[in-house]
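Q: Here is a chain to look at together. Can we go through its terms and ask what backs each one?

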Amino acid sequence: MIFYEWNYNGSNDDFKKEFDNITEYLNSKIGQYDYKKIEEYNPNETNRDDIKWTKGNVKAYLFRFKNKFNQIRLAIYKN
């Protein structure tokens, strides 16, 4: 298993670009994701976006917390 974590205390827009770039990169390397849930941003709550790649030999789980503190986590693993 490979695990990455990015933390950012700044603009949600900048961090969304990073999340989108990681998503595009994974799509190009292991295929199109098969699950995606993007929550509408609410500044009074911690929101979470999830993307999963569950087909094939290599699987990945990418999620992002978004609010005043931003965090992206990525886990890549095999069966």
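A: Start with one pair. In strand E5, alanine 75 is the bridge partner of tyrosine 61. Keep in mind that this is a predicted model.

Q: What makes E4 and E5 a pair of strands?
A: Two strands pair if there are at least two bridges between them. E4 and E5 have eight bridges, in the antiparallel sense. So they count as paired, since the cut-off is at least two bridges. They also form a hairpin, with three residues between them.

Q: How do you know that E3 and E4 pair?
A: Use the cut-off of at least two bridges again. Strand E3 (residues 47–53) and strand E4 (residues 58–66) are joined by seven bridges, therefore they pair. The sense is antiparallel. Isoleucine 51 has leucine 62 in E4 as its bridge partner. Arginine 48 stands opposite phenylalanine 65 in E4. The hairpin of E3 and E4 has four residues between the strands, and glycine 56 there takes a positive phi near 85°.

Q: Why are E1 and E2 called edge strands?
A: The open sheet has five strands in the order E1-E5-E4-E3-E2, with antiparallel pairing. Strand E1 (2–8) and strand E2 (35–37) each pair on one side only. From one strand to the next, the twist averages 10°.

Q: What does H1 touch when it packs on the sheet?
A: H1 touches E1, E3, E4 and strand E5 (70–78). Its direction makes about 175° with that of E4.

Q: Why is leucine 26 called buried?
A: Buried means under 20% relative accessible area. Leucine 26 has 5%, so it is buried. This residue is found in helix H1 (residues 12–30).

Q: Which residues is leucine 26 in contact with, leaving aside its neighbours within four places in sequence?
A: They are Gly31, Trp53, Ala60, Leu74 and Ile76. Contact means heavy atoms within 4.5 Å.

Q: What lines the largest pocket?
A: The lining residues include Tyr4, Trp6, Leu26 and Leu74. E1, H1 and E5 each supply at least two residues. H1 gives the most, with four. About 160 Å³ of space lies in this pocket.

Q: How do you know the class of the residues in that lining?
A: Tyr and Trp count as nonpolar, and so do Ile, Leu and Val. The count for the lining is nine nonpolar, no polar and no charged residues.

Notes: Residues are numbered from 1 along each chain as its sequence is written. This is a predicted model: local features need pLDDT of at least 70, side-chain atom pairs count only at pLDDT 80 or more; totals for chains, interfaces and linings use all residues. Side-chain values use heavy atoms; hydrogens and water are left out. Buried means under 20% relative accessible area, exposed over 50%, partly exposed in between (1.4 Å probe, protein chains only). Axes are lines fitted to C-alpha atoms, for helices over the stretch in contact, and angles run from 0 to 180 degrees between N-to-C directions. On a 1 Å grid over the protein atoms alone, a cavity is a set of points where a 1.4 Å probe fits but cannot get out, and a pocket is an open set with protein on both sides within 12 Å along at least five of seven lines; lining residues have an atom within 4 Å of a point. Grid points are joined across faces, edges and corners, and a volume is the space filled by probe spheres set on the points.
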